[in-house]
Amino acid sequence: MIFFNNITKIYPAYLTKKEKIVLDDVSFKVEKGEFVSIVGMSGAGKTTLFNIFLREEKPTKGEVFFNEKNIHKISQREGCEVRRKVGTIFQDYKLLSSKTVYENIAYAMEVTGASDENIEKRVPEALDTVGLLEQALHFPYQLSGGEKQRTAIARALIHEPEVILADEPTGDLDPYNSRDVLGILLDLNKSGTTVILATHDKEVINSLGKRVITLKDGKIVSDSKQGRFIL
Ligand SMILES: Nc1ncnc2c1ncn2[C@@H]1O[C@H](COP(=O)(O)OP(=O)(O)OP(=O)(O)O)[C@@H](O)[C@H]1O
Ligand SMILES: [Mg+2]
């Protein structure tokens, strides 16, 4: 379903004379319904991989296929369709501070032209999924870190994505809230959503017992079914 085929990403030299090889011939497949963690030290290229999948960056070499389509060779319109099938969650939540929880999620639907009727139906469903109905009218500053991340998850779910990319979603959370967020990701995965999680959180990885791909110096150094944190 997702296929990174011989991906190399090289950033040009700026102040130093040396160009930076961030990803060096990286290949892997993710099947529909899998839960895969991408592990690597800071700077290993995890976010770069996500940015390439989100079409925010182009690979220097190689192709990425999503549902058999080379995502860097499709039209703008097809690109938007693909983008809608992918929900994203980040360490810093990326919520709009002047909007409530409800409005943050509704806004993600408004920008794609969803009807008011559909928004009024879907937003409470998504809030219910992440256990945030009570906080619907809170602004981000009135939320705990865990609640902010659950808002971001609800927003990522709103288009019923096929894939969720979670980039360090527990990076700013205490262990209790981390477990909460992971629990939600696992539940979503159980109901069929493919999840790709980038993290350097050892506890998280070792508690999951799922596939782990480990990146080091731009290469995949291990890809194992019931992976452990090995860095
Ligand atoms: N636009 C860019 N231009 C130049 N270099 C970049 C750019 N984006 C990322 N890099 C470099 O690529 C490398 C990988 O960065 P990336 O953000 O993918 O790492 P990461 O594994 O996500 O790290 P972290 O765990 O800290 O989030 C870093 O050395 C970074 O400086
Ligand atoms: Mg990163």
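Tutor: Let us begin with a term: a crossing of two helices is right-handed if the near helix is turned clockwise from the far one by less than a right angle, and left-handed if anticlockwise. In this predicted model, helix H3 passes helix H5 in a crossing of the right-handed kind.

Student: What makes H3 and H5 roughly parallel to each other?

Tutor: The axes of helix H3 (residues 101-110) and H5 lie 9 Å apart and form an angle of about 25 degrees. Angles under 35 degrees count as roughly parallel, and H3 and H5 are therefore described in that way.

Student: Which residues of H3 and H5 meet?

Tutor: On the side of H3 they are Val101, Asn104, Ile105 and Ala108, and on the side of H5 they are Thr151, Ala154 and Arg155. By class, this contact of H3 with H5 holds four nonpolar residues, two polar and one charged.

Student: Why are H5 and H6 called roughly parallel to each other?

Tutor: Helix H5 (residues 145-157) packs with helix H6 (residues 175-190) at an angle of about 15 degrees, their axes being 9 Å apart. With the limit for this term set at angles under 35 degrees, H5 and H6 are therefore roughly parallel. Their crossing is right-handed.

Student: Which residues of H5 meet H6?

Tutor: Gly145, Gly146, Gln149, Arg150 and Ile153 in H5 meet Asn177, Asp180, Val181 and Ile184 in H6. The residues of this contact divide into three nonpolar, four polar and two charged.

Student: What surrounds ligand 1?

Tutor: Among the residues around ligand 1 are Tyr11, Lys20, Lys46, Thr47, Thr48 and His200. Strand S2 (20-30) and helix H1 (46-53) each supply at least two residues of this shell, and H1 gives the most, with three residues. The shell around ligand 1 divides into three nonpolar, seven polar and two charged residues.

Student: Where in the protein chain is confidence lowest, and where is it highest?

Tutor: The lowest is in helix H7 (residues 202-208), at a mean pLDDT of 88, and the highest is in strand S4 (residues 61-66), at 98. For the protein chain the mean pLDDT is 94, and 100% of its residues reach 70 or more.

Definitions and conventions: Residues are numbered from 1 along each chain as its sequence is written. Chains are lettered from A and ligands numbered from 1 in the order in which they are written. This is a predicted model: local features need pLDDT of at least 70, side-chain atom pairs count only at pLDDT 80 or more; totals for chains, interfaces and linings use all residues. Axes are lines fitted to C-alpha atoms, for helices over the stretch in contact, and angles run from 0 to 180 degrees between N-to-C directions. Helices (H or I, at least four residues) and strands (E, at least two) are DSSP runs, numbered from the N terminus. Angles under 35 degrees count as roughly parallel, over 145 as roughly antiparallel, 65 to 115 as roughly perpendicular and the rest as oblique. Two residues are in contact if their C-beta atoms, placed from the backbone, lie within 7 Å. Ala, Val, Leu, Ile, Met, Phe, Trp, Tyr, Cys and Pro count as nonpolar, Asp, Glu, Lys and Arg as charged, and the others, Gly among them, as polar. pLDDT is the predictor's confidence in each residue, from 0 to 100. A residue is near a molecule or strand if its C-beta atom, placed from the backbone, lies within 6 Å of it.
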